[in-house]
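Could you walk me through this protein model in plain words? I am new to structures and would like to know what to look at.

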Amino acid sequence: MNKKITPIYLDHHLRVRSHSQTYVGKYSRCNIGIQTIIPPRHYIAPAVAASHRLAFLDFPKLFYMPHTVTFLVITLCIFTYSALGQTSEDAPFVYSFQRASVLAIAAFLLYSGVYFPDGALNRPHPVFWRVLQGAACFYCAFLTFILMIDLDTARQVLKYIDLRLGVPLPERNYAVDCRIYTPENPESKFANLRDAMDLYIVCHWFGWWSKMLIFRDAYICLFLSVTFEWLELSFKHWIPNFAECWWDSLILDVLLCNIIGIILGHLTCKYLELGSFRWFGKHKKSYYRSELAKIFALFSPNEWSNYKWKMFDSLSNFLGTLWAISMSHIIDVNHFFLKYLLWIPVNHWVLLIRILMVGALGIIAIKEYYMFLRDCNYRRFSSSTWLYHFLLLIEMLINLKFSVQTFDEPFPAHIKIGWTIIGVVVATIVVVLFIKDLMKPAKKTLEFDPYNPPIDIEYVKCNNTCSSHTAYNICLLYTSDAADERSSVDLGGRRIIKKKKKKQKKNKKCKKKQQQ
């Protein structure tokens with residue numbers, strides 16, 4: 001079997017690279033020997049496949065090529081037919097407005113799917129995340145419009161979306177009767193408990209399962225579950241939906257619905273965390289057992305690793321994790337406030353689209369936010385993370401503006417005391433972690449040893465605001481001895497360097513003898 005021989009170079013960043021790749025920075029290179037690749041079975045680790053944009057290996061060429069001209073022609077044909085073939089003078093204004101709005105949104109989403117930048121995720125397809133980002137941009141523009149008008153006008157504007165909106169709605173209070181046993185009820189002696197077991201239990205399971213996939217940390221999700229009940233208790237004097245009985249809040253929500261969703265999400269993360277070995281090349285048998293399994297695999301991530309937030313390790317970790325928790329709570333509370341203030345029914349499709357869009361955007365936004373906190377090479381927010389922050393902050397501004405016009409009742413005394421205690425605890429933790437960071441010993445600078453290089457380790461020097469960071473960098477080139485292993489590379493280059501030194505010594509001795 002023919003083997004392709006490719007030289008590997010090692011620069012002073014201790015980073016293994018191919019000779020065909022470009023080098024950043026003014027660093028000298030030294031040849032550490034020859035590595036080999038077996039052509040018919042190129043193993044690519046999941047982390048490498050996710051970071052090197054190997055989408056052309058996942059999708060057929062038809063679905064990976066841009067097709068910009070084709071999309072432009074198809075779009076113009078559809079718009080021409082919609083503008084000239086479906087015109088009617090007798091159509092009502094609301095119908096014409098809705099139809100024109102749908103086409104305008106479709107045009108913007110089509111442009112975003114073709115030309116918006118890619119993010120950290122490419123499954124099920126990069127176009128999906130581009131279109132999602134375009135939908136979030138359009139939603140942020142609409143929220144900005146709502147922010148600049150008064151509350152009554154905002155409620156009337158929603159009628160252009162659906163004529164059923166803009167009408168006052170009754171709010172259900174779940175804390176009217178908190179008895180578990182109701183013997184006088186002819187239908188059931190546990191009528192209150194039966195009424196609480198509705199479709200929202202399944203929604204709780206799915207919601208916390210999704211949140212576990214977003215944060216990838218069971219302790220963070222458990223903390224979110226408990227603290228959200230405190231938020232409901234804090235705002236129940238304004239929003240009747242937040243008023244719940246003690247058994248509904250503690251038993252049904254925290255111990256039953258939320259815990260089950262978090263456990264299911266944790267099991268899903270464990271399943272996705274298992275290493276999946278991908279071998280690319282020509283095979284006699286298909287890698288997938290069936291076409292259905294192949295389609296399902298396209299919806300699974302290339303690479304999956306649980307997040308290690310390490311909230312109390314340093315002050316920066318604490319503040320970054322605390323803000324991620326706050327973002328989740330702000331998004332959840334915004335849902336209930338917008339529903340109550342703008343008179344949107346609970347089962348309306350507008351709220352469903354908003355939940356699905358914000359939840360899907362949160363997957364990539366939190367991932368890129370975590371990379372921003374952990375990786376010193378990320379100096380700024382990604383487009384999805386920036387858009388996610390802008391969206392939740394605009395929604396919060398809308399709620400603050402309209403709440404001043406709607407709510408007059410002040411916060412109860414026990415709620416003020418509770419938030420004061422929380423503020424004192426957070427301030428104490430900040431001070432303790434700040435002192436802990438000051439007392440940490442300075443890390444020693446790492447010296448480069450060309451004769452003993454840690455090939456699979458990359459040391460990155462950061463500025464004064466960031467400590468030295470160590471990250472694992474998997475090399476794309478594997479030797480025949482290490483091709484069947486997942487994360488190891490044959491350090492044969494080290495032996496080759498020693499052989500070269502021996503040859504050089506022998507050559508020097510031979511030259512001396514010849515001169516004598």
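Here is a short briefing, grouped by topic.

This is a predicted model, in which local features need pLDDT of at least 70 and side-chain atom pairs count only at pLDDT 80 or more, while totals for chains, interfaces and linings use all residues. Residues are numbered from 1 along each chain as its sequence is written, and side-chain values use heavy atoms, with hydrogens and water left out.

**The overall picture**

- The secondary structure comes to 16 helices and 7 strands; helices (H or I, at least four residues) and strands (E, at least two) are DSSP runs, numbered from the N terminus.
- The protein has 516 residues, and 35% of them are buried. Buried means under 20% relative accessible area, exposed means over 50%, and partly exposed lies in between (1.4 Å probe, protein chains only).
- Among contacts between residues at least 6 apart in sequence, 72% join residues at least 24 apart. A contact means heavy atoms within 4.5 Å.
- The accessible surface comes to about 32,100 Å², and 65% of that belongs to carbon and sulfur atoms. Accessible areas come from the Shrake-Rupley method with a 1.4 Å probe, and for residues only the protein chains shown count as cover.

**Salt bridges**

- Side chains of opposite charge can pair when their charged atoms come close. How many salt bridges does the structure hold? There are 7 salt bridges, each being a side-chain nitrogen of Lys or Arg within 4 Å of a carboxyl oxygen of Asp or Glu.
- Asp152 and Arg155 form one of them, at 3.9 Å from N to O. These two residues are separated by about one helical turn because they sit 3 residues apart in helix 6 (residues 151–157). Arg155 is buried, at 9% relative accessible area.
- Lys211 pairs with Asp332, and their closest N and O atoms are 2.6 Å apart. This pair links distant parts of the chain, since Lys211 is in helix 8 (residues 200–215) and Asp332 is in helix 12 (residues 315–341), 121 residues apart. Lys211 counts as buried, with 13% relative accessibility.
- Asp437 and Lys440 also form a salt bridge, with 3.6 Å between the closest N and O atoms. Asp437 is partly exposed at 26%, and Lys440 is partly exposed at 41%.

**Patches on the surface**

- Patches are made of residues with over 30% relative accessible area and no salt bridge; like charges are joined within 9 Å, and nonpolar side chains (Val, Leu, Ile, Met, Phe, Trp, Tyr) within 5 Å.
- Which residues gather in a patch of positive charge? They are Lys503, Lys505, Lys506, Lys508, Lys509, Lys511 and Lys512. Lys and Arg count as positive and Asp and Glu as negative, while His and the chain ends are not counted. The place of a charge is taken as NZ of Lys, CZ of Arg, CG of Asp or CD of Glu.
- Lys505, one of that group, is found in helix 16 (residues 492–515) and is exposed, at 54% relative accessible area.
- Ile180, Tyr181, Phe190, Trp246, Leu250, Ile251 and Leu255 make a nonpolar surface patch of about 720 Å². Leu255 belongs to helix 10 (residues 246–273) and is exposed, with 57% relative accessibility.

**Backbone angles to look at**

- Most residues other than glycine have a negative phi, and most peptide bonds are trans.
- Arg216 is not a glycine, yet has a positive phi of about 55°. Arg216 lies in the loop between helix 8 and helix 9 (218–235) and is buried, at 4% relative accessible area.
- Trp343 is not a glycine either and has a positive phi of about 60°. Trp343 is in the loop between helix 12 and helix 13 (349–374) and is partly exposed, at 22%.

- Where is Ala175? Ala175 is in the loop between helix 6 and helix 7 (191–196), and is partly exposed at 29%.
- Ala175 and Pro240 are 65 residues apart along the chain, and their C-alpha atoms are separated by 8.8 Å. Neighbours within four places in sequence aside, Ala175 is in contact with Ala243, Glu244 and Cys245.
- Leu373 lies in helix 13 and is partly exposed, at 29% relative accessibility. Not counting residues up to four places away, Leu373 touches Trp309 and Gly320.
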